Amino acid sequence: MNVVTCIAPVNIAVIKYWGKRDEDLILPINDSLSATLHTDHLCAKTTVMTSADFKEDRIWLNGSEESIDNKRLQNCLKEIRKRAKLGSDVGSWKVHICSENNFPTAAGLASSAAGYACLVAALAGLYNVEGDISAAARSGSGSACRSVFGGFVRWYSGSKPDGSDSIAKQIAAPEHWPQMRILVLVVNDASKKVSSAIGMKRSVATSELLKYRAEHSVPRRVEEMTKAILDRDFTKFAELTMKDSNQFHATCLDTFPPCVYMNDTSHAIVELIHAYNAAAGETKAAYTFDAGPNATLYLLEKDVPEVISILNHYFPTISLGDIGVEYLKGIPVQPAAVSEDLLRRINAERQSPGKLKYIIHTCARDVELIDKYGVITSLFGACIHKRDTRPLQEIVGEIIGHFVAYEEELGKRGTIFFGGTEPGMLDVLMWPWVERAKALPLAFDQPLNFDKEKFPHLMKWINGMKGQKFVQKNFGPFEAFAKVIKAQDDVDYDSI
């Protein structure tokens, strides 16, 4: 039996994806842009297993068995199995999938994006698939391709019929705007009545506003949003975020029959945010709603304590406004005292207790570091293909220099793996390259100078990865890899 477990993040769009130009390939009618959130607070966790004893493919979601015949799920399995690098016997084994979310499923919090990104990453580890997996993730859920990257990510709609140019790219890493914070306001954690897939199809067929939005509004807005992020212009970012959310839900209402995702509490949140910004004399918070009643607020770190207090005042808990551990989750924050003068100037109605179930305080963070790791793999590939003619130690020195960021990141997270207590997407994608790095001194007959004491967290990571069953089952001897490099002038790494 081979087993792989992965963790993948949620992404919340500030320029929404709604509607497909190709249902089978899951190609969107417009570009979209999102922020990838911290996996410590919102994530999907998936374990995949394959065994000669399994009689059929099966899947469990949040503890309940679901049908494996789901078309999108089958698309992911087909795509990954097509790229598998396993022996014919192992490759034909059936797979069991267990997936769970640490946040509400199908409630307008992008659970499908995190779920399919996580599934594809886990399957890629199970089947030894290397390289970009965002297209495979998109085959399950369109917005899943954005969860493959951290920070701020743009999914290009593309124009080619085969979807080859419909790809996601990171436009800014989280460290570009470290002050950005997110508050997820959970209004209702029940599944929505009209799924996003059905709602999109209905809107494409009936909404004239959707056509105008895709052709005129989004192309301009997505460029303005990209600039606002790169310029760290929160006022413009907030304006665009709220306008796009409003237009998206107007499109849903323009659909026939209409798709109603927001409720009275959702509209009360919209009213409060506008009233608060007006009273403050500046834009301090922005709301956005996906296909559900739950709100996501974007704001800067300095304003979080005050906004939490404002929310606590206008949306009191059942326990008379006392924010407890179970109510305020995520990054710890101490609510700030709000002046009576500010409360008088906020023209909003105070809600009855219990309208908000809980709040999650999180941030946009590069949970994968995949884009940066591509630099390392390019250096490694150029070395073994002999396209880089520099001395081996010079190339390795450059690679080691890049690993400093990964050592520091593990130190910040305080975990063995980038995925937390178990390997995540980045861990699985990194391992094949790390495992084969020992082949370089054998292949080039040169010693390598690597100071292990400078990388204590990465050394713990390596030992932790070696203990994983999927690593042990699929171990590739670096001595054999070294022989292949020496035997060929232009080795095809992907065929090994």
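How many bridges join strand β5 to β10? Select residues 32–36 for β5: 4 bridges tie this strand to β10, and the two run antiparallel. Keep in mind throughout that this is a predicted model.

**Strand β10**

Now select β10, residues 152–155. Phe152 and Arg154 point one way, and Val153 and Trp155 point the other way. All four of these residues are buried. In a regular strand, side chains alternate between the two faces of the sheet.

Centre on Arg154. Leu33 stands opposite Arg154 of β10. In β11, the bridge partner of Arg154 is Lys169. Select residues 168–172 to show the whole of β11; 4 bridges join β11 to β10, again antiparallel.

**The five-stranded sheet**

Next stop: an open sheet of 5 strands, in the order β1-β6-β9-β7-β8, with mixed pairing. Its edge strands are β1 (2–9) and β8 (64–66), each of which pairs on one side only. From one strand to the next, the twist averages 20 degrees.

Colour β1 and β6 (residues 43–51). They pair in the antiparallel sense over 8 bridges. Pick Ala8 and look across to β6, where its bridge partner is Ala44.

**Arg81**

Stay on α1 and select Arg81, which lies in this helix. Leaving out residues up to four places away in sequence, Arg81 touches Asp57, Trp93, Lys94, Val95 and Tyr127.

**Two non-glycine residues with positive phi**

Most residues other than glycine have a negative phi. Here are two exceptions. Select Ile26, in the loop between β3 (20–22) and β4 (27–28). Ile26 has a positive phi of about 55 degrees. Ile26 counts as buried, at 1% relative accessibility.

Jump to Asn62, in the loop between β7 and β8. Its phi is also positive, about 50 degrees. Asn62 is partly exposed, with a relative accessible area of 36%.

**The α7–α8 pair**

Select α7 (residues 208–230) and α8 (residues 234–254). They pack at an angle of about 165 degrees, with axes 10 Å apart. Angles over 145 degrees count as roughly antiparallel, so α7 is roughly antiparallel to α8. The crossing of α7 past α8 is left-handed.

Show side chains at the contact. On the α7 side they include Leu209, Arg213, Val218, Met225 and Ile229. On the α8 side they include Phe237, Leu240, Asp244, Phe248 and Thr251. By class, this contact has 10 nonpolar, 4 polar and 8 charged residues.

Follow the chain on from α8 to Pro257, in the loop between α8 and α9 (264–280). A cis peptide bond joins Phe256 and Pro257, with omega about -10 degrees.

**Zoom out**

Finally, show the whole protein chain. It holds 18 helices and 16 strands. Of its 496 residues, 55% are buried. Among contacts between residues at least 6 apart in sequence, 79% join residues at least 24 apart.

Notes:
Residues numbered from 1 in each chain as written. Predicted model: local features only at pLDDT ≥ 70, side-chain atom pairs only at ≥ 80, totals over all residues. Heavy atoms only, no water. Pairing = 2+ DSSP bridges. Axes fitted to C-alpha atoms, helices over the stretch in contact; angles between N-to-C directions. Parallel < 35°, antiparallel > 145°, perpendicular 65-115°, else oblique. Left-handed = near helix turned anticlockwise from the far one by under 90°. Contact = heavy atoms within 4.5 Å. Nonpolar A, V, L, I, M, F, W, Y, C, P; charged D, E, K, R; others polar. Buried < 20%, exposed > 50% of the residue type's maximum accessible area, 1.4 Å probe, protein only.
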